[in-house]
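Here is a short tour of a two-chain model, written to be read with the structure open beside you. Shall we take a look?

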Amino acid sequence: MLVLARKINQSIMIGDNVEIVIVDVQGDQVKVGIQAPKEIKIFRKEIYDEIQRENILAASASEKALEKIEELLPKKKDREK
Amino acid sequence: MRIKTKPYGEVEINEANIIKIVDGLFGFPGLENYVFLESKTEGPFLWLQSLDEPGLAFVVIRPEEFKADYKLSVALEDIKSIGLESPDEAVSIALVVIPPDPKQMTANLQGPIVLNVQSKIARQMISLNPEYKIKHHILDEMKVLLEKTKEGMHKEEVKD
């Protein structure tokens with residue numbers, strides 16, 4: 001991994017179009033500004049991790065659990081009204 | 001073709017119904033081929049069965065089943081990656097988590113599977129709408145939806 005030291009208001013370019021600016025540093029928190037074309041997706045890494053965790057939880061679903069749910073659902077007649 | 005499935009053992013499927021989830025689901029890379037199976041239980045759920053890994057299957061639901069005003073909001077780059085021009089052309093599918101108390105089951109609207117129905121190409125995307133969370137309580141939201149529908153009908157009756 002490339003590691004660069006930066007001060008407040010200094011930036012890093014990734015490719016020609018993406019600029020990462022260090023906006024502020026307070027204690028252990030760093031504020032980062034990102035200038036990038038609209039089509040570049042920018043998300044906190046935690047979101048990927050959360051979705052991955054949720055997918056793994058979802059993979060343990062069973063037919064038995066679905067049978068239990070059948071009884072909990074609003075009655076079909078009601079839903080179709 | 002006959003395939004092995006997690007919920008129902010060996011079943012016959014139509015090859016034309018196989019969908020490709022590009023890059024696989026988060027946490028399940030490399031597993032791209034899936035098929036939807038009708039659930040044998042009553043309700044709005046489907047199974048999403050992996051063809052590459054017979055032991056891997058998910059319960060899924062269309063978000064519209066518990067959120068009438070659901071509107072997909074994802075990056076245009078993602079939408080174009082499945083061959084579409086607008087999120088309105090896509091079909092969203094939410095993965096369901098069923099905890100030990102099934103009343104608490106949730107659907108994930110933060111990471112929907114987004115499908116191009118014509119080409120059968122899909123991708124798991126990240127929602128740009130912060131109202132769509134990783135856990136939506138399906139039963140609670142269904143009840144709310146049901147009440148709204150009833151109110152709507154009542155209003156129509158009054159109009160008449």
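This is a predicted model: local features need pLDDT of at least 70, side-chain atom pairs count only at pLDDT 80 or more; totals for chains, interfaces and linings use all residues.

## Strands of chain B

Strand β8 (residues 106-116) of chain B runs antiparallel to β9(B), and four bridges link them. Strands here, like helices, are DSSP runs numbered from the N terminus, with at least two residues (E) for a strand and at least four (H or I) for a helix; two strands count as paired if DSSP finds at least two bridges between them.

Residues are numbered from 1 along each chain as its sequence is written, and chains are lettered from A and ligands numbered from 1 in the order in which they are written.

Chain A has a mean pLDDT (the predictor's confidence in each residue, from 0 to 100) of 89, and 91% of its residues reach 70 or more. Among the elements of chain A, the highest mean, 97, belongs to strand β2 (residues 18-26), and the lowest, 53, to helix α3 (residues 76-80).

## The sheet of chain A

Strand β2 of chain A sits in an open, antiparallel sheet of three strands, ordered β1-β2-β3. Its edge strands, β1 (11-14) and β3 (29-35) of chain A, each pair on one side only. From one strand to the next the twist averages 25°, with axes being lines fitted to C-alpha atoms (for helices over the stretch in contact) and angles running from 0 to 180 degrees between N-to-C directions.

Between β2(A) and β3(A), which run antiparallel, there are seven bridges. One bridge partner in β3(A) is A:Gln29, which faces A:Gln26.

## Where the chains meet

How many residues of chain B are in contact with chain A? There are 33, and they touch 29 residues of chain A, where contact means C-beta atoms, placed from the backbone, within 7 Å. On chain B, the elements giving two or more residues to this side are β6 (57-61), α1 (76-81), β7 (91-97), β8 and α2 (138-159). The largest share, five residues, comes from α2(B).

Key:
Two residues are in contact if their C-beta atoms, placed from the backbone, lie within 7 Å.
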